[in-house]
Amino acid sequence: MSAPLGGTGSGPRRVAVFVSGSGTNLQALLDRFLPRGPDRAAEIVCVVSDRPGIGALERAARANVPAHVVAPRDHPDAAGFADALLRALRAHRAELVVLAGYLRLVPAPVVEAYRDRMINIHPVPLPAFGCPGLYGRRVHEAVLAAGLRVTGPTVHFVDERYDTGPIIAQWPVPVRADDTPETLAERVLRAAHRILPAVLAALA
């Protein structure tokens with residue numbers, strides 16, 4: 001059963017952001033949707049991380065957004081991990097969930113609770129470059145090895161598997177002849193910082 005929308009009426013949708021790393025996509029969302037930001041379609045009400053000590057948590061702290069570390073190792077089984085995630089989301093009455101560099105498979109009960117209200121951003125085109133373990137530098141190495149002339153981030157709904165949910169939007173980024181994984185990643189990230197807030201605004 002999906003979680004209720006929380007009774008916020010016509011106000012901004014309450015959004016939780018899941019993170020695992022430095023948090024540059026989180027920052028793009030914070031810049032747009034914080035109360036002092038330019039867009040009131042949504043409000044970032046909490047950040048959830050699967051590990052402590054990451055840059056994304058520092059960004060949340062600077063923005064005065066509540067943050068929770070919900071790590072699988074702290075829970076005895078998969079059901080306990082799922083319950084902990086749902087408790088964090090319900091504590092902040094989250095209506096939408098954004099995976100912004102979250103590298104862990106979301107437990108099925110959480111996916112079900114937020115069916116069609118949970119989105120993820122993947123740095124390269126789906127479905128061609130989606131599978132467990134394909135993230136970070138490796139995704140851009142794979143794009144270059146495949147000889148693609150166009151790459152770019154994909155935003156999609158989250159389902160119970162990695163990178164297989166319905167695609168919402170993609171942003172084309174040309175691949176240059178002299179690209180390295182690093183230069184390509186930099187341009188793709190700039191595109192991601194534009195497309196993810198835009199999709200969230202539309203969904204909200």
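This is a friendly dialogue on reading a predicted protein model.

Reader: What should I know before I start?

Author: Residues are numbered from 1 along each chain as its sequence is written, and side-chain values use heavy atoms, with hydrogens and water left out. Because the model is predicted, local features need pLDDT of at least 70 and side-chain atom pairs count only at pLDDT 80 or more, while totals for chains, interfaces and linings use all residues.

Reader: How many helices and strands does the protein have?

Author: Helices (H or I, at least four residues) and strands (E, at least two) are DSSP runs, numbered from the N terminus. Here there are six helices and nine strands.

Reader: What does the radius of gyration say about the protein?

Author: The radius is taken over C-alpha atoms, and the globule rule is 2.2 Å times the number of residues to the power 0.38. For 204 residues, a compact globule would come out near 17 Å, and the protein has 16 Å, which agrees. Its C-alpha atoms fill a box of roughly 50 × 40 × 30 Å along the principal axes.

Reader: How many of the residues count as buried?

Author: Buried means under 20% relative accessible area, exposed over 50%, and partly exposed in between (1.4 Å probe, protein chains only). Of the 204 residues, 49% count as buried.

Reader: And what share of the contacts joins residues 24 or more positions apart?

Author: A contact means heavy atoms within 4.5 Å. Among contacts with a separation of 6 or more, residues 24 or more positions apart account for 65%.

Reader: How do I check a helix, say α6?

Author: Compare its span with the expected one, which is 1.5 Å times one less than its number of residues. Helix α6 (residues 181-203) has 23 residues and should span 33 Å; its end C-alpha atoms are 31 Å apart, which agrees. Its buried residues include Leu 184, Arg 187, Val 188 and Ile 195.

Reader: What does α3 pack against?

Author: The buried residues of α3 pack against β1 (13-19), β2 (42-49), β3 (67-69), β4 (96-99) and α4. Among those buried residues are Phe 81, Leu 85 and Leu 89. The 14 residues of α3 (residues 78-91) should span 20 Å, and the end C-alpha atoms are 20 Å apart, which agrees.

Reader: Which backbone angles should I look at in the loops?

Author: Start with omega, at a peptide bond. The bond from Leu 126 to Pro 127 is cis, with omega near 5°, and Pro 127 sits in the loop between β5 (118-122) and α5 (137-146). Next comes phi. Asp 116 is a residue other than glycine with a positive phi, near 65°, and Asp 163 also has a positive phi, about 60°, although it is not a glycine.

Reader: Where are Asp 116 and Asp 163, and how accessible are they?

Author: Asp 116 is in the loop between α4 (108-113) and β5; it counts as partly exposed because its relative accessibility is 47%. Asp 163 is in the loop between β7 (154-157) and β8 (167-170), and with a relative accessible area of 13%, Asp 163 is buried.
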